[in-house]
Amino acid sequence: MYITNISIDEKYQSMKIGSYLLGYFISQMEKNGFTAFKSEGLLYNLKFKNLFHSFSFKEIAITKCFETKFNEKLENVVMYRKQGDYLPEEFKAP
């Protein structure tokens, strides 16, 4: 399962909304037979990396992405999680 985007408005960040969305999503998808999860985000986006690390995602690759108007190449980090990796108790499906 490829997770393309979790975006929380700045005024609601730091309220664990992203954690609840990601945790619920993983729990429900595992309950329905999905066994692996992958996502990508900008390498310097610490909020993205910290959120996904908290759900046992591992950094498996760094890829080049788009160029900016200043001809700068940015890098993405690829994050991966397999079924059975740590999931906080509050998100485990009954």
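In this predicted model, residues 24 or more positions apart account for 62% of the contacts with a separation of 6 or more, a contact being heavy atoms within 4.5 Å. Residues are numbered from 1 along each chain as its sequence is written. The model is predicted, and local features need pLDDT of at least 70, side-chain atom pairs count only at pLDDT 80 or more, while totals for chains, interfaces and linings use all residues; side-chain values use heavy atoms, without hydrogens and water.

The protein has two helices and four strands. Along the sequence they follow the pattern β-α-β-α-β-β. Helices (H or I, at least four residues) and strands (E, at least two) are DSSP runs, numbered from the N terminus. The accessible surface comes to about 6500 Å², by the Shrake-Rupley method with a 1.4 Å probe, where for residues only the protein chains shown count as cover. Carbon and sulfur atoms hold 54% of this surface. Of the 94 residues, 32% count as buried. Buried means under 20% relative accessible area, exposed over 50%, and partly exposed in between (1.4 Å probe, protein chains only).

The largest nonpolar core has 14 residues. Such a core is a set of buried Ala, Val, Leu, Ile, Met, Phe, Trp, Tyr and Cys residues joined through side-chain atoms within 4.5 Å. Leu 22, Ile 26, Phe 52, Phe 55 and Phe 57 touch the most other members. The elements that give two or more residues to this core are α1, α2 (46-53) and β4 (73-82). Beyond its neighbours within four places in sequence, Phe 55 is in contact with residues including Leu 22, Ile 26, Arg 81, Tyr 86 and Phe 91.

Phe 48, Lys 49, Leu 51 and Phe 52 are buried in α2. Seen down the helix axis, the buried residues of α2 fall within an arc of 165 degrees, so they line one face. The arc is that of the directions from the helix axis to the C-beta atoms. The face turned away from the buried side carries the exposed residues Leu 46, Lys 47 and Asn 50.

The count of salt bridges comes to four, each a side-chain nitrogen of Lys or Arg within 4 Å of a carboxyl oxygen of Asp or Glu. Glu 30 and Arg 81 meet in one of them (2.7 Å, N to O). Glu 30 lies in helix α1 and Arg 81 in strand β4, so the pair ties together parts that are 51 residues apart in sequence. Both residues are buried. Glu 30 has a relative accessibility of 16%. Setting aside residues up to four places away, Glu 30 also touches Phe 37, Lys 82 and Leu 87, among others.

Glu 75 and Lys 64 form another salt bridge (3.0 Å, N to O). Glu 75 lies in strand β4 and Lys 64 in strand β3 (residues 58-67), so this pair ties together parts that are 11 residues apart in sequence. Glu 75 is partly exposed at 30% relative accessibility, while Lys 64 is exposed at 55%. Lys 82 forms a salt bridge with Asp 85, their closest N and O atoms being 3.0 Å apart. Lys 82 is partly exposed at 44%, and Asp 85 is buried at 18%.

Tyr 12, Met 15, Ile 17 and Leu 21 form a nonpolar patch on the surface, with about 370 Å² of accessible area together. Patches are made of residues with over 30% relative accessible area and no salt bridge, with like charges joined within 9 Å and nonpolar side chains (Val, Leu, Ile, Met, Phe, Trp, Tyr) within 5 Å. Met 15 lies in the loop between β1 (2-3) and α1 (17-31).
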